[in-house]
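Subject: Handover of a structure and a summary of its features

Dear colleague,

Please find below the structure that I am passing on to you.

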Amino acid sequence: MIPLPPPALRLRLDKEALAANWRTLDRLSGAAQAGAAVKADAYGLGVAHVAPALAAAGARDFFVAHWSEVPDLIAHVPSAQVAVLHGPMNDADCAFARATGVRPVLNSIDQVARWRESGGGACDVMVDTGINRLGLSMASLGDPALAGLEIETLLSHLAKADEDSAFNEVQLTRFRAACDQTPARRRSLAASAGIALGSDYAFDLTRPGLALYGGVPHPALVDAIRPVAYPEAEVLQTREIAAGEGVGYNHAFVADRAMRVGVVSLGYADGFLRCWGGRAVLRHSDAKLPMLGKVSMDMIVVDLTAAPDVRAGDWVAVPYDLPQASQATGLTQYELLTTLGRRFQR
Ligand SMILES: *Cc1c(COP(=O)(O)O)cnc(C)c1O
């Protein structure tokens with residue numbers, strides 16, 4: 001095999017910050033243990049890099065959404081520490097859970113019945129306390145199908161944890177009632193933002209995702225969470241343009257002076273979406289390189305006035321402070337992470 005040449009996009013992961021964020025969230029979870037949501041390839045950062053770092057930091061519970069996400073995860077952590085949030089939709093899912101040893105999260109009486117028919121065993125159960133997404137209804141908790149079920153963790157999920165809303169307490173009260181009614185070894189309600197709501201919400205296990213990866217879903221976490229993901233892109237070419245010349249599709253930028261610009265290997269196919277147009281300021285060391293014109297599929301153009309020494313083959317930093325990037329683009333911090341494309345070397 002001919003070795004691949006070096007990539008033109010890389011996603012630098014600060015594993016030290018990732019571990020520190022997990023420890024912070026674990027500490028903020030009080031007596032509860034913090035787990036880790038690593039669905040969607042650890043929010044786009046690469047589960048093969050993220051999971052071992054979190055395990056080394058002390059995480060012992062890992063959540064994915066799809067069954068297809070299990071193999072990449074159990075290559076790095078014990079399968080008994082893995083739960084699959086979408087639950088078993090069919091017999092193949094049950095057989096897969098059984099063969100791999102990961103736990104299904106059962107979200108309906110149908111899924112409970114399916115799991116029991118397949119042989120049962122340790123499982124998690126999601127109860128819906130008001131988000132109206134996945135989960136058993138409160139009313140169905142008395143169903144005989146649940147009697148004797150071997151529930152490792154009873155879960156619920158908050159709809160408005162990132163808001164100062166009275167509905168958080170409504171869900172808290174409902175979850176306590178669900179716990180009273182449903183015997184389980186552990187109880188888990190809070191994700192990243194829920195951890196910021198205080199120890200009442202922590203129960204036995206918390207399930208942070210976004211905040212592990214540098215996201216700040218609640219103002220109370222601003223100073224506690226460190227950035228983790230640093231996208232970087234290669235400069236493909238530099239050029240001199242004259243006053244009056246246009247740059248990129250539709251000439252969305254027209255130079256009002258002679259200037260030197262750089263063509264950077266980063267486009268919307270890499271998750272750098274069109275909404276960055278006219279907003280992004282890339283960096284080379286401390287020099288600011290404002291983006292000029294539109295985002296193409298594979299390229300953007302930046303102003304090199306502040307960095308006259310930049311040459312083709314140099315690397316520039318993509319602005320990815322998540323709260324700031326979210327403000328600039330209107331994308332959520334979740335979208336900013338999970339849309340980073342496959343061409344980034346992780
Ligand atoms: C995604 C998810 C989480 C993690 O949420 P964050 O807001 O990223 O911390 C936790 N629990 C469930 C059920 C989820 O779907």
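Contact, as used throughout this message, means heavy atoms within 4.5 Å. Among contacts in the chain between residues at least 6 apart in sequence, 63% join residues at least 24 apart.

Two remarks on the basis of the values come next. This is a predicted model, in which local features need pLDDT of at least 70 and side-chain atom pairs count only at pLDDT 80 or more, while totals for chains, interfaces and linings use all residues. Residues are numbered from 1 along each chain as its sequence is written, and side-chain values use heavy atoms, with hydrogens and water left out.

The chain as a whole

The C-alpha trace spans about 75 × 55 × 35 Å along its principal axes. The secondary structure comes to ten helices and 19 strands; these are DSSP runs numbered from the N terminus, helices being H or I with at least four residues and strands E with at least two. Of the 346 residues, 50% count as buried. Buried means under 20% relative accessible area, exposed means over 50%, and partly exposed lies in between (1.4 Å probe, protein chains only). The accessible surface of the chain comes to about 15700 Å², and 52% of that belongs to carbon and sulfur atoms. Such areas come from the Shrake-Rupley method with a 1.4 Å probe; for residues, only the protein chains shown count as cover.

The ligand and Lys 39

The ligand is surrounded by 14 residues, and the closest are Lys 39, Tyr 43, Ser 192, Leu 210 and Tyr 334; a residue counts here if one of its heavy atoms lies within 4 Å of the molecule. A polar side-chain atom of Tyr 43 lies 2.5 Å from an oxygen atom of the ligand. For Tyr 334, the distance from a polar side-chain atom to a ligand oxygen atom is 2.6 Å. Arg 207 places a polar side-chain atom 2.9 Å from a nitrogen atom of the ligand. Taken alone the ligand exposes 390 Å², and the protein buries 90% of that.

UniProt lists Lys 39 for "modified residue: N6-(pyridoxal phosphate)lysine" in an unreviewed entry. UniProt positions are given in the numbering used here, feature names are shortened, and annotations may be inferred rather than shown by experiment. Lys 39 sits in helix α2 and is partly exposed, with a relative accessible area of 27%. Leaving aside neighbours within four places in sequence, Lys 39 is in contact with Phe 63, Val 64, Ala 65, Glu 69 and Leu 85.

In helix α3 (residues 47-57), the buried residues include Val 47, Val 50, Leu 54 and Ala 57. The buried residues of α3 pack against β1 (9-13), α1 (15-28), β3 (36-37), α2 (39-43), β4 (62-64) and α4. Gly 58 follows α3 and has a positive phi, near 130 degrees.

Helix α5 (residues 91-100) has Asp 93, Cys 94, Ala 97 and Thr 100 as its buried residues. They cover an arc of only 145 degrees around the axis, which puts them on the same side of α5; the arc is that of the directions from the helix axis to the C-beta atoms. On the other side of α5, Asp 91, Ala 92 and Ala 99 are exposed. The buried residues of α5 pack against α4 (70-74), β6 (103-106) and α6 (109-117). At the start of α5, a side-chain oxygen of Asn 90 reaches to within 3.2 Å of the backbone nitrogen of Ala 92. Just after α5, Gly 101 takes a positive phi of about 85 degrees.

UniProt places "domain: Alanine racemase C-terminal" (unreviewed entry) at residues 228-346. Over residues 228-346 the chain is 12% helix and 34% strand, with the end C-alpha atoms 12 Å apart.

Arg 10 lies in strand β1 and, at 30% relative accessibility, counts as partly exposed. Arg 10 and Phe 344 are 334 residues apart in sequence and 4.6 Å apart in space, C-alpha to C-alpha.

With kind regards

Definitions and conventions: Polar contact = N/O pair within 3.5 Å; in protein donor to acceptor, adjacent residues only side chain to side chain.
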